Amino acid sequence: MVGADPKFQIIHRADRPLSPVTPRRAQPGRWSWVAVATLFVPLSFVLVQCGKAPNAGMLAANSQAATSQAAAGDSFEERFPKPQFADRFPTASESLIQRQVALAPPPPKVRTERIKVASLNPALTLPKQTEREELTTLVSMKSSAFPYYGTNPRSEAPFLNISKGERKGHRSYGGRVYWQDETYNDSRVLVHVPETFDARKPGVIVVFFHGNGATLERDVRDRQMVPQQISDSGVNAVLLAPQLAVNAADSSAGKFWQPGGFKRFLDESASHLARLTGDPTSAQAFANMPVVIVGYSGGFLPTAWSLEVGGATSRVRGVFLLDAVYGELDKFAGWIEKNRSGFFVSSYTRYTKPRDRELIERLRDKGITVTENMDGPLRPGSVVFVQTPNGITHRDYVTQAWTEHPVREVLVKMAASPALTRLASAPSQASR
């Protein structure tokens with residue numbers, strides 16, 4: 001029985017007056033046995049049922065009882081009826097507010113002091129724009145390095161030079177085959193916009209070409225902390241880092257091999273950056289913004305070809321190589337010689353030392369001054385080579401070279417030079 005209290009019933013029976021025919025003192029032994037039987041007989045039935053599955057007949061009985069209870073008007077729907085249309089919506093003669101007030105329960109009277117109720121209309125004028133948060137995201141771009149269906153400019157042979165059924169692949173210089181669907185099919189670009197970035201102020205776009213065996217999220221963002229280094233520099237800069245060969249020992253440049261490929265990449269990025277910053281009108285500012293290219297390790301190849309045939313040479317205000325001079329010395333030397341308004345920095349370990357020393361001699365033969373430390377200021381036309389001591393590993397070079405977080409350090413030095421700051425603030429000349 002719902003709501004029954006067995007304890008209450010026992011107390012009630014114990015207090016119930018006895019029949020006058022059988023006084024309590026007349027038959028004490030008989031009532032003692034009756035009390036014992038009353039207690040232990042029901043308990044024996046409970047003990048017998050312990051550990052047994054419910055009886056099928058009992059379940060059927062419970063089901064029939066529930067059905068009869070519902071028929072008697074005690075169903076869930078009848079106990080908790082759904083609100084009718086008229087309960088929720090006003091009639092033609094009343095407003096929605098009137099109906100809501102009528103249906104709402106009265107508030108509890110707890111506080112007696114006067115309470116100030118906020119007005120429906122704000123008394124303060126809210127700012128038109130809220131503060132923008134730091135943004136790091138992946139954006140797919142058609143002009144990114146891959147997928148690429150052209151030729152390798154060194155051999156003029158198709159880049160995808162291996163077939164297995166319908167599957168296409170590329171055999172690298174080391175002889176290993178990488179398949180397009182696994183290695184050369186990621187068109188995403190890591191984009192980073194610091195929260196302090198303002199497109200209305202002089203700024204710079206940092207293009208980062210990663211090394212071999214890398215992915216954008218695992219390596220560029222998390223392990224090498226390139227977005228964080230840009231934010232920590234305090235420079236008004238944004239980051240573009242295209243995915244090259246995915247997690248592969250391959251430095252192929254893809255679309256950056258093509259004439260005008262780097263310019264198309266920058267042009268497409270302008271609209272994406274404007275959208276991500278929340279100001280569509282800033283696309284023109286991004287289209288004219290100066291560029292600093294940072295190439296790490298195998299990223300030397302897309303860096304060199306972007307300088308040589310990329311079509312945006314006049315926008316490049318600086319080149320920073322991180323243990324990356326493995327070849328293409330003629331392209332680096334040519335850009336340095338022709339662009340004396342920009343800066344060039346190459347930091348290297350013993351792995352790339354022979355090529356860096358060769359590039360130094362080429363430049364000095366052309367009468368170009370070369371500095372071999374980062375102690376001085378970074379000015380337009382600065383050419384700096386920095387050898388790092390033994391113990392500095394190539395794998396960790398993006399976060400630990402001659403200094404901790406070298407990308408941040410170069411950007412800070414760039415911003416500290418008034419001449420470079422003026423260059424970065426001026427609209428770029430026509431691309432060539």
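Two residues are said here to be in contact when heavy atoms of theirs lie within 4.5 Å. The model discussed below is a predicted one.

By this criterion, Gln180 touches Pro147, Tyr149, Leu160, Lys168, Gly169 and Asn185, leaving aside residues up to four places away in sequence. Gln180 belongs to helix H7, which covers residues 180-183. Its relative accessible area is 13%; because buried means under 20%, Gln180 counts as buried. Ile162 lies 18 residues from Gln180 along the chain, and the C-alpha atoms of the two are separated by 9.7 Å.

Strands of a sheet pair through backbone hydrogen bonds, either parallel or antiparallel. Here, an open sheet of 3 strands runs in the order E4-E5-E6, and the pairing is antiparallel. Strands E4 (162-164) and E6 (177-179) form the edges, each pairing on one side only. On average, neighbouring strands of this sheet are turned by 35° against each other, direction ignored. The antiparallel pairing of E4 with E5 (residues 167-171) extends over 3 bridges. Within E5, Gly169 is the bridge partner of Ile162, and Gly169 is also one of the residues that Gln180 touches.

A further region to consider is helix H12. Of the 10 residues of H12 (residues 300-309), 8 are buried, so this helix is largely enclosed by the rest of the structure. The buried residues are Phe300, Leu301, Pro302, Thr303, Ala304, Trp305, Ser306 and Leu307. Just after H12, Gly311 adopts a positive phi of about 85°.

Two packed helices are described by the angle between their axes and the distance between the axes. The axes of H13 and H14 (residues 353-365) come within 10 Å and cross at roughly 40°. H13 is therefore oblique to H14. The crossing of H13 past H14 is right-handed. On the H13 side, the contact is made by Leu329, Asp330, Phe332, Ala333 and Ile336, while H14 contributes Arg355, Glu358, Leu359, Arg362 and Leu363. Sorted by class, the contact of H13 with H14 comprises 6 nonpolar and 4 charged residues, with no polar ones.

How values were computed
Residues are numbered from 1 along each chain as its sequence is written. This is a predicted model: local features need pLDDT of at least 70, side-chain atom pairs count only at pLDDT 80 or more; totals for chains, interfaces and linings use all residues. Side-chain values use heavy atoms; hydrogens and water are left out. Buried means under 20% relative accessible area, exposed over 50%, partly exposed in between (1.4 Å probe, protein chains only). Helices (H or I, at least four residues) and strands (E, at least two) are DSSP runs, numbered from the N terminus. Two strands pair if DSSP finds at least two bridges between them. Axes are lines fitted to C-alpha atoms, for helices over the stretch in contact, and angles run from 0 to 180 degrees between N-to-C directions. Angles under 35 degrees count as roughly parallel, over 145 as roughly antiparallel, 65 to 115 as roughly perpendicular and the rest as oblique. A crossing is left-handed if the near helix is turned anticlockwise from the far one by less than a right angle, and right-handed if clockwise. Ala, Val, Leu, Ile, Met, Phe, Trp, Tyr, Cys and Pro count as nonpolar, Asp, Glu, Lys and Arg as charged, and the others, Gly among them, as polar.
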